[in-house]
Amino acid sequence: MDNHFDVIVLGTGLTESITAAALSKAGFRVAHIDPNPYYGADEASLSLDELMQWVDHHKEDNHSVTRYGEVPPHARQYSISLAPSVIPSIGPFISSLVASGVYRYGSFKLLGRVVIYDGGILKDVPQSKDDIFQSKAMSLLEKRRVTRFLMFAAGEFENSKELHGQEDLPLLDFLQRIFLLSEATARAITYALGYCCFISETTLPALHRIRIYLKASGRYGPSSFLVGYYGGSGEIAQGFCRAAAVGGGVYILGRSVTRILSVDPTGPEYPVLTSDLPRFAVEVDDFPDRLHCRCLISSNTLLPGHLRTLADVIHPSISSCGSPRLFAMARCIAIVDGPIILPLDTKDSGASDASDSSLLVFPPGSLNGGSAISAVHVMTAGPGTMSAPSGKGILYISMPLPTNSIHSAEILLRPYLAAVLVLIQAEQQEQKGLICSTFYMQELALSTSSTSDSLVGLLAVPSLSPHITQGVDEAAIIAEATFKKAVSSLNGEIKEINPGHEQMCFGLC
Amino acid sequence: MHHVKRNRQTPEALAEKKQREKSKIDEFLTLTDDVLSRKKKQEWSNDAFELTQRLLQINPESYTVWNYRRNILLNGIFPQSTPEQINSLLSNELSMTTTALKANPKVYWIWNHRRWCLENVPDGPERNEVPSMEWRQANWDKELFVTERMLDADARNFLAWNYRRYVLANMPTRRPEASELAYTSRKIGANFSNFSAWHQRSKTLARLWESGQLDPIQSRDDEFELVSNALYTDPDDQSAWIYHRWLIGSGENKTQLEREIQLIFELLQEQPDRCMESLVHYKRLLLQNHSPDSQTLKQEYQDLSLRLSAVFTVLPYCAMVRVAVCSNTPVLVDNALDTCIINKAGTVWSHN
């Protein structure tokens with residue numbers, strides 16, 4: 001094997017994989033390495049037994065990781081995501097999926113119900129004028145005001161008088177003060193339409209998100225979001241890797257990188273100075289020869305400390321619609337013995353919901369014993385997306401944390417798990433037991449600011465944002481920025497493999 | 001179709017298209033000549049039948065050719081066929097026109113042809129030597145299903161709604177009115193900006209009230225509640241206002257009228273630019289029917305009318321005004337109001 005590559009990518013997470021696929025399709029020789037024996041890195045889709053191995057492995061470093069229950073039979077029929085998320089029907093990520101053709105490697109369906117936990121019961125969140133019309137929970141006046149807000153949010157609000165001077169007001173306050181919405185409605189909009197994580201999140205970024213999601217509704221169906229089969233993100237990352245391989249990329253899984261060296265071009269091995277001299281040499285476990293490249297792209301976590309400070313860290317340039325910086329996510333994954341059906345609070349007048357992927361939002365302060373500042377998202381998954389065998393369901397519970405928490409994930413999330421189980425069990429007669437569950441804290445690497453004297457050609461990709469609706473779009477934006485920087489460090493050449501090949505085109509819809 | 005934009009093409013693209021179409025046009029003209037000459041000779045052959053099919057596939061809007069086709073069936077093919085054969089021929093016609101309808105959902109002649117087919121389905125098959133209604137029932141049921149599919153594709157296709165009324169009225173075994181009411185509820189729930197669905201609802205309700213299946217007073221109150229949801233959710237939507245106007249009727253029920261006026265007044269506070277016209281009209285009804293001597297009411301009405309004429313110069317608010325002539329009304333103000341509305345009719349009655 002020729003050991004000289006244009007680009008070496010470390011880590012097969014979603015962002016890195018999109019970048020690798022883009023570079024490969026643009027004609028560059030790419031080698032893609034991951035120490036794990038599976039694709040997707042921290043966003044991988046794992047079978048249940050693989051998940052438990054992953055949990056046990058993490059328990060060694062971190063004693064607050066807990067797991068309960070035994071791995072059931074048919075463990076391989078589960079596809080569990082380490083980063084549960086939904087895909088907005090309009091946005092840079094779906095555009096990448098479509099333009100690159102990677103959508104063909106996977107299957108997708110619409111997200112089902114989005115409900116909010118309010119006063120101990122679940123309420124549907126109106127997403128359109130017709131939902132508002134049919135709602136039995138709002139007064140006539142409230143309906144008028146909510147519609148007025150939705151029209152405002154779907155239009156060009158940037159220079160509107162309503163927004164003037166209020167951009168940094170928390171969205172909750174903005175909705176109540178300027179649009180005179182009730183507290184309950186304001187909560188539903190803030191947390192289950194704008195998907196804010198914290199009680200203090202400001203108006204302008206949330207409005208941007210709301211506008212996109214309102215426009216996204218109707219593109220593929222009534223929901224603004226799609227969910228991927230087989231656990232979502234990990235499966236999609238694998239799709240991008242497949243696209244990279246089709247373009248000639250080389251894959252090395254299950255091997256760690258033992259050393260990364262910056263190559264001295266004036267050394268004796270390189271008697272002639274040419275423009276395509278390697279800049280980096282990578283030593284891979286059990287590989288006799290070093291791999292060389294002119295551009296090294298790595299996930300932040302896989303880069304050794306000394307190189308992390310020298311790397312050009314790609315920052316998402318989405319300040320106007322960025323999510324707040326998260327310190328950590330408390331996570332719980334629970335396997336339920338029985339189909340997960342959320343109870344309806346009103347007589348169903350529309351089409352019955354066949355999708356078993358749904359989203360349940362607990363606003364801050366809505367649950368006794370829960371968080372007063374963080375919203376908690378519960379995503380359900382089941383056989384509808386081939387994520388679980390028939391008759392079983394998966395619950396993903398996530399709580400974003402703005403700072404270090406003294407509590408373990410289990411202490412933070414147990415009340416939510418208990419509440420959800422009560423809600424599901426109220427719907428059916430039989431007791432639904434838990435087959436197994438795990439609690440862990442996902443700490444997100446703090447993004448370091450790039451130094452001005454970073455090494456040319458060394459790019460660090462931040463971890464995938466765990467924001468449930470915005471994460472994948474941020475990944476696409478970062479991947480595009482990384483791609484551009486990589487290309488410019490490779491002297492701006494974009495060789496076409498063949499003209500008829502699909503181009504990886506990035507574009508915000 | 002509603003909400004489907006017209007395709008604008010460049011002059012070069014248009015010229016290219018013309019070239020490609022030239023050979024098609026020639027073929028079409030030859031075919032047309034052939035068919036029409038046979039028609040003139042009153043030829044009812046199978047060949048002619050095939051030719052009409054080809055021609056109608058290209059141009060389903062040629063009602064002459066549809067007519068010719070029907071005549072071929074009546075005069076040439078049916079006399080030589082058994083009832084079973086006739087039934088299957090007509091079922092075939094219906095399938096063929098379904099495909100044509102999908103591409104051309106608003107061509108009257110396709111709908112007409114279907115009507116003719118349905119009306120000519122023979123009695124049968126024979127059960128115990130007595131001809132049953134089964135063929136007819138099957139075809140009419142299917143027809144109702146077709147209208148539902150058409151309305152799923154475009155809930156505001158007025159031809160489909162009209163046709164649906166025809167089917168419901170002529171089916172061998174009628175569907176209960178209550179199920180039609182439920183159908184309109186479904187359609188309105190899916191998208192309440194649908195004048196045709198509200199209109200259908202009004203027709204269905206009228207029949208239900210008349211036949212005594214629903215109590216008019218309670219039912220009206222239920223309807224007011226339903227439509228007020230639409231008014232409040234989107235006061236810009238005309239269909240809800242027109243339905244509301246129909247519910248009020250000539251304003252005989254004083255309690256209803258006062259309650260609705262109050263409701264609209266509250267909406268007016270919330271949304272000052274939308275409700276004036278209906279408010280004025282209803283106040284006038286109240287005045288005319290119930291308190292023709294009330295000076296306070298007369299004053300309120302005049303104030304509102306003046307506000308309305310001011311509003312009209314600025315905003316093209318649209319809902320029809322029924323000029324209810326009554327000798328008790330203060331004539332002077334009435335005239336001014338009517339003139340105002342008629343003058344502004346062009347801008348008042350806007351889009352949709």
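Tutor: Start with one residue pair: A:Val7 has A:Cys295 as its bridge partner in β14(A). Keep in mind that the model is predicted.

Student: What makes β1(A) and β14(A), residues 291-299, a pair of strands?

Tutor: Count the bridges. Pairing needs at least two. β1(A) and β14(A) have 6, and they run parallel. So β1(A) and β14(A) count as paired.

Student: Which strand is joined to β1(A) by 4 bridges?

Tutor: That is β2(A), residues 30-34, and this pair also runs parallel. Look at A:Ile8: it stands opposite A:Ala31 in β2(A).

Student: What are the strand partners of β13(A)?

Tutor: One is β12(A), residues 257-262, with 5 bridges, antiparallel. Within that pairing, A:Ile260 has A:Val282 as its partner. The other is β14(A), with 3 bridges, again antiparallel. There, A:Ala281 is partnered by A:His292.

Student: What lies between β13(A) and β14(A) in their hairpin?

Tutor: There are 6 residues between the two strands, and A:Asp286 in the turn has a positive phi of about 75°.

Student: Now the chain contact. Why is the link between A:Arg148 and B:Glu270 called a salt bridge?

Tutor: Check the distance. The limit is 4 Å from an Arg or Lys side-chain nitrogen to a carboxyl oxygen of Asp or Glu. A:Arg148 and B:Glu270 are at 3.2 Å, N to O, so the pair qualifies. Between chain A and chain B the count is 3 salt bridges.

Student: Which element gives the most to the side of chain A that touches chain B?

Tutor: It is α5(A), with 7 residues. That side divides into 4 nonpolar, 2 polar and 6 charged residues.

Student: How much area is buried between chain A and chain B?

Tutor: About 1400 Å², with 55% from carbon and sulfur atoms. On the chain A side, A:Phe133, A:Leu140 and A:Arg144 supply 50% of what that chain buries, more than any other three residues. The contact takes 12 residues from chain A and 17 from chain B.

How values were computed
Residues are numbered from 1 along each chain as its sequence is written. Chains are lettered from A and ligands numbered from 1 in the order in which they are written. This is a predicted model: local features need pLDDT of at least 70, side-chain atom pairs count only at pLDDT 80 or more; totals for chains, interfaces and linings use all residues. Side-chain values use heavy atoms; hydrogens and water are left out. Contact means heavy atoms within 4.5 Å. Buried area is the accessible area (1.4 Å probe) that two parts lose on being put together, summed over both. Ala, Val, Leu, Ile, Met, Phe, Trp, Tyr, Cys and Pro count as nonpolar, Asp, Glu, Lys and Arg as charged, and the others, Gly among them, as polar.
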